[in-house]
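Me: Please take a close look at a single part of this model. I would like to know what it is made of and what lies around it.

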Amino acid sequence: MTFEEKVKLLRSLPQFKVAPISELRAIAFAANEKGGKLYLNSKDIKKILREYPDLESKIKALIA
């Protein structure tokens, strides 16, 4: 999956429909892809939240 495909996939999720593109790009950059699904490990999540703390509720909604 390319970087742009990851961004499009994230944009299709209800939590990220109105999220700023910079936030989506940060998640897409850190996300690993396996079988058409995106995964973030805890280290990547901490890095993203350090830069974009307002994403915490959106990321937690994806994990739950």
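Reply: Arginine 25 is partly exposed, at a relative accessible area of 38% (buried is under 20%, exposed over 50%, partly exposed in between; 1.4 Å probe, protein chains only). This is a predicted model, in which local features need pLDDT of at least 70 and side-chain atom pairs pLDDT 80 or more, while totals for chains, interfaces and linings use all residues. Residues are numbered from 1 along each chain as its sequence is written, and side-chain values use heavy atoms, without hydrogens and water.

Arginine 25 lies in helix α2 and glutamate 4 in helix α1, 21 residues apart, so the pair links distant parts of the chain (helices are DSSP runs of H or I, at least four residues; strands are runs of E, at least two; both are numbered from the N terminus). The two residues form a salt bridge, with 3.9 Å between the closest N and O atoms (Lys or Arg side-chain nitrogen within 4 Å of an Asp or Glu carboxyl oxygen). The structure holds one such bridge. Glutamate 4 is also partly exposed, at 41%.

Now the rest of α2, which spans residues 21-30. Its buried residues are Glu23, Leu24, Ile27, Ala28 and Ala30. They pack against α1, β1, β2, α3 and α4, contact meaning heavy atoms within 4.5 Å.

Two of those neighbours can be described from their own side. In α1 (residues 3-11), Lys6, Val7 and Leu10 are buried. These three cover an arc of only 100 degrees around the axis, which puts them on the same side of α1 (the arc is taken over directions from the helix axis to the C-beta atoms). The buried residues of α1 pack against α2, β1 and β2. In α3 (residues 42-51), Asp44, Ile45 and Ile48 are buried. They fall within an arc of 100 degrees, so they line one face of that helix. Their cover includes α2, β1 and α4. The face of α3 turned away from its buried side carries exposed Ser42, Lys43, Lys46 and Arg50.

The largest nonpolar core has 13 residues, and among those with the most contacts inside it are Leu24 and Ile27, along with Leu10, Phe16 and Ile48 (buried Ala, Val, Leu, Ile, Met, Phe, Trp, Tyr and Cys, joined through side-chain atoms within 4.5 Å). Helices α1, α2 and α3 each give two or more residues to this core. The largest share, four residues, comes from α2. Leaving aside neighbours within four places in sequence, phenylalanine 16 is in contact with Leu24 and Ile27, and also with Leu10, Arg11, Leu55, Lys58 and Leu62.
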